[in-house]
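Good morning. I will walk through one structure today, piece by piece, and I will keep to what can be read from it.

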Amino acid sequence: MPKILIDDRVVEAAEGLTLLRAAESAGIPIPYFCYHPAFAPEGSCRMCLVEIEGLPKLELACSTMVKEGLKVRTMSPPVVEARKGVLEFLLAEHPLDCPICDKAGECKLQDYFEEYGFFRSQFKEAKEKREKKFKLGRNLILDRERCILCTRCVRFLNEITKTEDAGILNRGIHSEVGIFESEFIDNNYSGNLAQICPVGAITDSDFRFKTRVWFLESKESVCPLCSRGCNITIDSHPGHPRTLRTRRVYRVRARQNPDVNSHWICDYGRYGYAYLDEGREDRLVWNKGGQETRLSWDEAAQILTEKIRSLVHLRKNSRIGIVLHTNLTNEELFLADRIFRKGLGVERFFLADPPPGKGDEFLLTADRTANRRGLQEVGLSVQAPEPKALSGLDLLLIFGHYLAAGISPAGLKDALEKVETKALFASHKSGLDGLVDFVIPVPVIAEKNGTVTNIDGRVQPFLAGLDFDGDGLPEWRALLDLAKELKVDHKYFWPLSSQEAVYRALQKEIPFFK
Amino acid sequence: MSPEYSVSLRRKIDEVAARYPKKGAALLPVLHLVQRETGCIASEEERFVAQVLGLRRIRVREVVTFYTMFLRRPVGKYHLQVCSNLSCSLLGAGPVLDYLQQKLGVGVGETTADGRFTLSTVECLGACEQAPCLMVNFDYHGQLDRKKVDQILESLE
Amino acid sequence: MDEKVLTQHFGVEGLFRIDVYRGQGGYGAVETALKQMTPAAVLDEVKRANLRGRGGAGFPAGVKWGFVPQNVPKPRYLCVNADEGEPGTFKDRYLMNHNPHLLLEGIIIASYAVGIHAAFIYVRGEYEAVSLRLEGAIAEAYRNGYLGKNILGMGFDLDVVVHRGAGAYICGEETALLESLEGKRGHPRLKPPFPASVGLFQCPTVINNVETLSNIPFIVQNGADWFIKKGLPKDGGTRIFGVSGMVKRPGIYELPLGTKLRTIIFDHAGGMKDGKQLKAVIPGGMSAPILTADEIDLPMDFDSLAGAGSMLGSAAVIVIDRDTSILDVLKAVAKFYSHESCGQCTPCRIGTAWINKIVKRLARGEGELDDIDAIIRLASNIKGKTLCPLGDAAALPILSICQKFRRELEGHIPHA
C-alpha cells in the first residue's frame, strides 16, 4: 500500500483512494461542501484545496489520487488562506439567516466558519436577492439565497434516483438550482436532498421551524417499516426545562451503511415516524367481566402462566395458540419457538402482519415488516389466522395489533369470544383492545434492543434509541418471564437474562445466525 | 394546445441530430433552428425539443438559460446588439449606445412600441478591428458613428 | 522575413471556393500527407516544427496529438476551437471567412496523423456568416473527394460537422467546449483526465485552434525546418496579430513570432489614432496582464511575454490611449469576466461578481480607501484556485491593472 505524508504523519492508503479519503481514514479532517462519498468528485466548491510539496498550485484533496511519497499539508498558511477565501466568497453572497434557518447547528458553513474562518465581513455591496421559498419538492423548500451551488442535490437526482428532476439554471452569479416549470421533485427519495444539502438551502417542510437541532438527542436505530432494514438516526426531544416539548420524535435521518442502504432512506421510512408517538398503548389492563383493572406485568404474568399450566396439565397443548408478526426480533421469534413449540408442545402458530405495499427498485420492499427473513431462518412454521382456527382455542397469545387486518370485524369478534383467555401484546391501540382480556403494551423496535434480519439475510443488531414509557415490557423479556414461571427447560432459560444472552443462545442453535 | 412546428423544421432537426453519435449532442444547433422559426425558446419549445431529442426538459432549460443567444422572450424584428467590451468602449460604444437609446426611445433590454427594434448590449463580437460594432440579428456593422447608425436604421424596414 | 504564410492568398478573390483554392495549390498538402507520408511521419513533422497552440494556451500541437492513445477501442475525435471569444481577437474569423479550405486541409491532415474519423468545428454562435461559409466549403470538399469515405482513394475516412455555439466565452475553454458539443452547459471539467484520453463522449479527443490547424498544410508541404525559420527556434511559424483600440489601422497582421510589440503598434498598425498618446497595451487578448507604455519593447513570443508577467495568448493587441480612464478599462474587464463566469466554482462565480460590484461602485464615485486592496485580495483568492483557467484569466489582468495603475484608480476615490 502506498505511503504518503499528511502533515508529517505517515498515512498508508490503498491505491486508487483520494487524498481526502486517505486523510479521513487517518482521522485528519479536510473540509468540503460539494464532495459526497456517494458521488464522483465535483471539484467546484474549492474548499478541500491542500498543499502538495513540489506542485505550484494548491490541489483538490477530493480528486487527487494517492501516490507513493506524496507530501501533503492541510494546515499550512496557503491552505488556511485558501479556505478563508472560499468561506469569504460563500458568505459574501449568503444571507444572515442563521437565527431563522433550520440548518443552524448542523450547517457546514457555520461549522467551517467557526473552525477555519472567524474573520470580519468586508463585503460592502448589495447581496443578490433571490427566491427564498421555492417549492422544490413535495416536502422540500429551496432558499436560493442560501444555496452555495454545491450541486449535491442535482447530482443525487441524476446519479442515485436517476430521475433528473433538477438542474442548474442561468450562469455565473445568477446560477440557481431549478426544476422545469412546476415539475417539482416527487419521488420516494426526495427527503435525502434536505439531508445532504450542506447548508439550509433545501429544508424539509416536515421539520421546518419545529425545533432547534441542539435540543434533539440522536440515537441510532433500524427502520422497521419494510424489510430493507435501512439504518437510521432518530432525533428526539428529551424534554427541556424551559421549552414545551410538543412531541417526542422530530425526525428520522438516514445513517450510512454501505451494505444495506448506502447513505439513503426512502421517504416512506423518513416521514413515517408518527407511529412512534401516536396511538400507543401505555396501560396494562385486565378486562375482567366488563371491568378494566390496571395490573403490573408480574400480576398479569402470574394469571397467564396459571392458565397455560392448567391447559398443559390437561394435555390440552393443542388448544393454545400464538399469533406472531414479523416485526418481532430474531430473539423474540426464537424464544416463541423454543418456549412454546419445543418446550410446551404448542402447535398453533399464526402470522398476522401489516399488509404489503409496492416496492421500488431501490430500497423500499413490498414486504412492510422488518424481520420476515428472521422468521424463515428461525424456522417456525405459521399459518394464516382464520377465524375457525382461532375459535377452537382456549388460550390465545396475540403479538401485534395486526390481527384485525384481513378478517371482518364481526368474524373476529365471534371467533375471539369463543376463546377463553386472550392476551394481547401490542405497541399500538386497535380494535383488538376491546376483544381481549389482557392488554400488555410493548415497545417498538426503536425502543428495545434486539436484532432483525433484512431481505438480503443481513442480521442487524440495534439498541434502544427511545425510552419505552408504557406499563409493559419488551416481548423477549415477557417470553423469558413466562418461561421461567412455567419452568420450561429451567436449566436452559433461567440463565438467560438479557437480550444479548438470548442472541448468543440463538447463534449457538441456528447456524444461519452465527 | 401545443404549437405546430413546420415539417421543414422537423426534417432539419432530424438531419442535424443524425450528425452526432448521440442525439442529445445536437441540442445547441437544434435550439438555433427552433429559435429561427419561433423567435424565442419558450417552455413549449423546450418541451418540443426535449421530446424530439430524447432529453429531460430540465436539461433543455439548463442549456437555454446558460447561453446568451437563446432568448426566452421574443425580441423585435431587429435585435440590435451593441458590443460593450473593451476595444469597442475605447472607440465610442458608449455614445453609440446612448444615441440608439435616445433615437429609438428605449433602454437596454427593451423593445420599441412598434415591435421593430430590441436594444441589447453584448460582449466581444470578434470584430474589434471595426470597433465600435453592433450586430443586427446576425449581421455585423462596424465603425459606427451617428451617421452610420442612422443609415443602418433607415435600411431596416 | 516578411513572407506571409496563412494570409498569403487573402487578396485572391473567391479564395473560399475550392476551384480558386486549388488553383493556388490548395489541397496539395493533403495529397502529400495521405499519399507520401505515414500518420506517424506527419505527427513527427508537426512535433519538430514546434507549432504552439494559437488559441491562447500555447501548448505544442504535436505533443498534444501524441498524447492520444492509439490502442483504445473507442472512436477518436478532433474538435476545432473556433469559439474566438477572447476580447480583442478576430483572426480566426478572417481565416475561416477568407480561406475555409485551408482550415479543412489542416483538419484532414491532423485527423490523418492521429487516426481520427470525425471532426467537429465548434464555431461561436455569433459567427453565422462564418458557419455558412464553412458549411459551403465542407460541401465542396465532400463533392471533390477530400472528405467522406476513402479520401483520395487512400482508404482514409473523415466526416466534418460544423457545430455552432450560442454565446458563452467559457466554451472556448477546451473541456467546456466538449461539454457544449455534447449538448450541455459549458461547465469545464476537472483535469486529469485530459481530453486526449477522456474527451468528447468520453473518447480520446484532440482540440486545436483554427489558426493552429491552418498552419498544418504548410508544415507538411515545406517541412518543420522551414516552419521554424519563419518564427523562433522554440516557437515555429508566424502569428496573426489582431490589433484594435486607438490605432490608425486596426486589423490583422501576420508577422513572425518575435516581432516587437512597438513595431506592431507603430509600424504595422500605423501608430496612435487622432494624435493620441499611448497609455497601456493589452498584448494577448483581455486575459493577458496589461503592459504600460514603457513596456512595449518586447518581442512578441510566448516566453518573452511570460517573462514580462503577461502572455502572448491569442496575440490580440488592444491599444489604450492616455485620454481613456483606466477605470473604464477595469470596468470592461470586471464586467466581462463576471458576465462570462460559468458559475461552477466558488471563487470565480462569486469573486468576479464581487469585484465587478466594487468596480461599479468606484465608477459611480462611491469608492472607499480600502477598495483597491479589496480588489487585489479577492483577485488573489481567485488566482490559482479555480476549476478552470477563466479564474486566472479574470484575476491576472485585474491584478495587473490595480498594480500598475493604482495611483490613477485611487484618484477616483473621494477623500483618497
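In chain A, Gly137(A) has Leu140(A) in β7(A) as its bridge partner. Please keep in mind throughout that this is a predicted model.

β6(A) and strand β7, residues 140-142 of chain A, are joined by three bridges and run antiparallel. The sheet they belong to is open and has three strands, in the order β6-β7-β10 of chain A, with antiparallel pairing. Which strands stand at the edges? They are β6 (134-137) and β10 of chain A; each has a single partner strand, so one side of each has no neighbour in the sheet. From one strand to the next, the twist averages 35°.

Now to helix α4 of chain A, which covers residues 152-159. Which of its residues are buried? They are Arg152(A), Cys153(A), Val154(A), Phe156(A) and Leu157(A). Note that an arginine is on that list. The buried residues of α4(A) pack against β8 (167-169), β9 (176-178), α5 (191-196) and β10 (202-204) of chain A.

Buried or exposed? Pro198(A) counts as buried, because it has 23 C-beta neighbours inside 10 Å, and the cut-off for buried is 20 or more. Leaving aside residues up to four places away in sequence, Pro198(A) touches Phe33(A), Lys108(A) and Cys150(A). For a sense of scale, take Lys388(A): from Pro198(A) it is 190 residues away in sequence and 57 Å away in space, C-alpha to C-alpha.

**A covered strand**

Next is strand β18 of chain A, residues 395-399. How many of its five residues are buried? Five of the five are, and the strand is described as mostly covered. In a regular strand, side chains alternate between the two faces of the sheet. Here both faces are covered: Leu395(A), Leu397(A) and Phe399(A) are buried on one side, and Leu396(A) and Ile398(A) are buried on the other.

β18(A) pairs with two strands that I will mention in turn. With strand β16, residues 320-324 of chain A, it runs parallel, and four bridges join them. Within that pairing, Ile322(A) has Leu397(A) of β18(A) as its bridge partner. With strand β19, residues 421-426 of chain A, the pairing is also in the parallel sense, over five bridges. There, Phe399(A) has Phe425(A) in β19(A) as its bridge partner. To get from β18(A) to β19(A), the chain passes through helix α11, residues 409-417 of chain A, and this β-α-β crossover is right-handed.

**Domains of chain A**

Stepping back, chain A is divided into domain 1 (3-92), domain 2 (127-276) and domain 3 (285-513). The C-alpha centres of domain 2 and domain 3 of chain A are 36 Å apart. The contact between these two domains takes 25 residues from domain 2 and 24 residues from domain 3 of chain A. On the domain 2 side, β11 (217-222) and β12 (231-236) of chain A each supply at least two residues. The largest share of that side is four residues, and it comes from β11(A). By type, the residues of that side divide into 14 nonpolar, six polar and five charged.

Chain B has seven helices and four strands. Along the sequence they follow the pattern α-α-α-α-β-α-α-β-β-β-α. The C-alpha trace of chain B spans about 50 × 30 × 25 Å along its principal axes. Of the 157 residues in chain B, 45% are buried. Among contacts in chain B with a separation of 6 or more, 55% are between residues 24 or more positions apart.

Chain B is divided into domain 1 (7-66) and domain 2 (78-155). Taken over C-alpha atoms, the centres of these two domains of chain B are separated by 29 Å.

Last, the contact between the chains: eleven residues come from chain A and nine residues from chain B. On the chain A side, they divide into five nonpolar, two polar and four charged.

How values were computed
Residues numbered from 1 in each chain as written. Chains lettered and ligands numbered in written order. Predicted model: local features only at pLDDT ≥ 70, side-chain atom pairs only at ≥ 80, totals over all residues. Buried ≥ 20, exposed ≤ 12 C-beta atoms within 10 Å, placed from the backbone. Contact = placed C-beta atoms within 7 Å. Pairing = 2+ DSSP bridges. Right-handed = clockwise from strand over helix to strand, strands pointing away. Nonpolar A, V, L, I, M, F, W, Y, C, P; charged D, E, K, R; others polar. Domains from an automatic or database assignment. Axes fitted to C-alpha atoms, helices over the stretch in contact; angles between N-to-C directions.
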